[in-house]
Amino acid sequence: MAQYDLLLRHGTLVTAAGVSQADLAIADERIVAIASELAGSASEEIDVSGLHIFPGVIDAHVHFNEPGRTHWEGFATGTRALAAGGTTAFFDMPLNSTPPTLDAASFRLKQQAAQASAYVDFALWGGLVPGNLDRLEELAECGVIGLKAFMSNSGIDDFQAVDDMTLYEGMQRAAQLGLIVAVHAENNQITSALARRAQEQGRTGVRDYLASRPVVAELEAIERAILFAQETGCSLHIVHVSSGRGVRLVAAARARGVDVSCETCPHYLVLTEDDVEALGAVAKCAPPIRSQMEQEALWQHLLSGNIPMVASDHSPAPADMKAGSDFFQVWGGISGCQSLLQLLLTEGHARHHLALPLIASITAEYVARRFHVSPQKGRIAPGCDADLVLVNLQESFSLQASDLLYRHAHSPYVGRKLSGRVLRTLVRGHTVFLNGKIVATPSGHLLKAQGR
Ligand SMILES: NC(=O)N[C@H]1NC(=O)NC1=O
Ligand SMILES: [Zn+2]
Ligand SMILES: [Zn+2]
């Protein structure tokens, strides 16, 4: 008779392929059996009738800022929030930590920090900046998930934007090394000049900031990055696309054979310019939140599959950096990593008829595949890591600042009614979050990109 560690009985399993009722058994950190009535016994057996079991979310885009800016976030606080939101793995961006992840030595420092404190599994992005072309090979050897470049000012002095030559040559090298390049795509000349002009004229309000980063700046940068990727044969990922036309450029390039993908973020799907005006600094980001029309275009692209994944771009800062009357001076970055799945369930599933299997793909399965994480990640199937999130879709609640487990408990979603309560989050079979509390010790594993 089979002996399991954990048996989840009568759950509703959500995979990219569909929704089904089944028992699910876990042993040695893996899913080992899925069937309608599993025989056997387990150390722990739970009846999860009425609950949905999703693959644990893989958030491909967060800034946890450790080492060096742990007072902004840190792996312990950041990953507690992830677990509470149903996220079981994340990819940490190379900037906002000090040092930024630009070579093997800084990779090791960050790896050690994450291994000591992360409650969920992680991968690390390396940076592509002017001057580190000769470090890309060692970053590849370390196992970075990809290389991240900024095409506009990053807001962080020790992480410079790429010039065209660095991006072009970086992509050539990345192609040789089998690494994907991700870009923050905004035209630096347009955004910098418009920002400078507005500030010189003392126009420093919310609308002035939004107007300083027009959609055309995003479109131009996306096109340029796609052209370089096409010429170099490099795999390309456009992070946080904020406009429908930006997604269309990516979809068109993919259709003609360019290896390019994109993500959007919950804030572009849920907030509009009017919300930024009402909420203020807590909703400041770059590219900025757009119009209602743009938001609807993003939903249509998400529903049609043109946007294959969603990531949080959690970019936190202490409260005093999110205050002040000059909107250009306020930190640009939204804290939202805890709410990713619940926003997709609320605004996506309930309001836009986003199918649950598509949510499983957008948040987990596609992400693991696109970034060549282990085939054991991102899926609910025998042999896969037991990275799971149990959700009660019937339950809704109003998000309170006191619910937030990351370091600085601000969010543009406080007060918003969210449906789908995360009851339990398992990382490789270990329950990390249960009924509102973190119940484990940090034991996150490093994930590496596995050959392209
Ligand atoms: N440095 C940093 O985190 N920047 C991020 N914040 C934001 O709003 N957009 C970004 O790229
Ligand atoms: Zn960015
Ligand atoms: Zn970011």
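Tutor: Let's begin with one loop and its backbone, then move on to other loops, a pair of helices and some strands. Keep in mind throughout that this is a predicted model.

Our loop is the one between β6 (57-62) and α1 (75-84), and Pro-67 sits in it. Although Asn-65 is not a glycine, its phi is positive, at about 70 degrees. Is Asn-65 buried or exposed? Asn-65 counts as buried because 26 other C-beta atoms lie within 10 Å, and the cut-off for buried is 20 or more.

You will find Pro-99 in the loop between β7 (87-92) and α2 (104-117). For another positive phi, turn to Asn-435, a residue other than glycine whose phi is near 45 degrees. Asn-435 belongs to the loop between β17 (430-434) and β18 (437-438). Asn-435 has 9 C-beta neighbours inside 10 Å, so it counts as exposed.

Next come the helices. The axes of α4 (residues 164-177) and α7 (residues 215-232) come within 9 Å and cross at roughly 40 degrees. Because of that angle, α4 is oblique to α7. Their crossing is right-handed. On the α4 side, the contact is made by Leu-167, Tyr-168, Met-171, Gln-172 and Ala-175, while α7 brings Phe-228, Ala-229 and Thr-232. Sorted by class, this contact of α4 with α7 has six nonpolar residues, two polar ones and no charged ones.

Finally, follow the strands. Strand β5 (residues 52-55) runs antiparallel to β15 (residues 388-398), and four bridges join them. To place this pairing on your screen, find Phe-54, whose bridge partner in β15 is Val-389. β15 also pairs with strand β16 (residues 417-427), in the antiparallel sense and over eight bridges. Here you can look for Ser-398, which has Lys-417 as its bridge partner in β16. As you trace these strands, remember that in a regular strand the side chains alternate between the two faces of the sheet.

Notes:
Residues numbered from 1 in each chain as written. Chains lettered and ligands numbered in written order. Predicted model: local features only at pLDDT ≥ 70, side-chain atom pairs only at ≥ 80, totals over all residues. Axes fitted to C-alpha atoms, helices over the stretch in contact; angles between N-to-C directions. Helix = DSSP H or I, 4+ residues; strand = E, 2+ residues; numbered from the N terminus. Parallel < 35°, antiparallel > 145°, perpendicular 65-115°, else oblique. Left-handed = near helix turned anticlockwise from the far one by under 90°. Contact = placed C-beta atoms within 7 Å. Nonpolar A, V, L, I, M, F, W, Y, C, P; charged D, E, K, R; others polar. Buried ≥ 20, exposed ≤ 12 C-beta atoms within 10 Å, placed from the backbone. Pairing = 2+ DSSP bridges.
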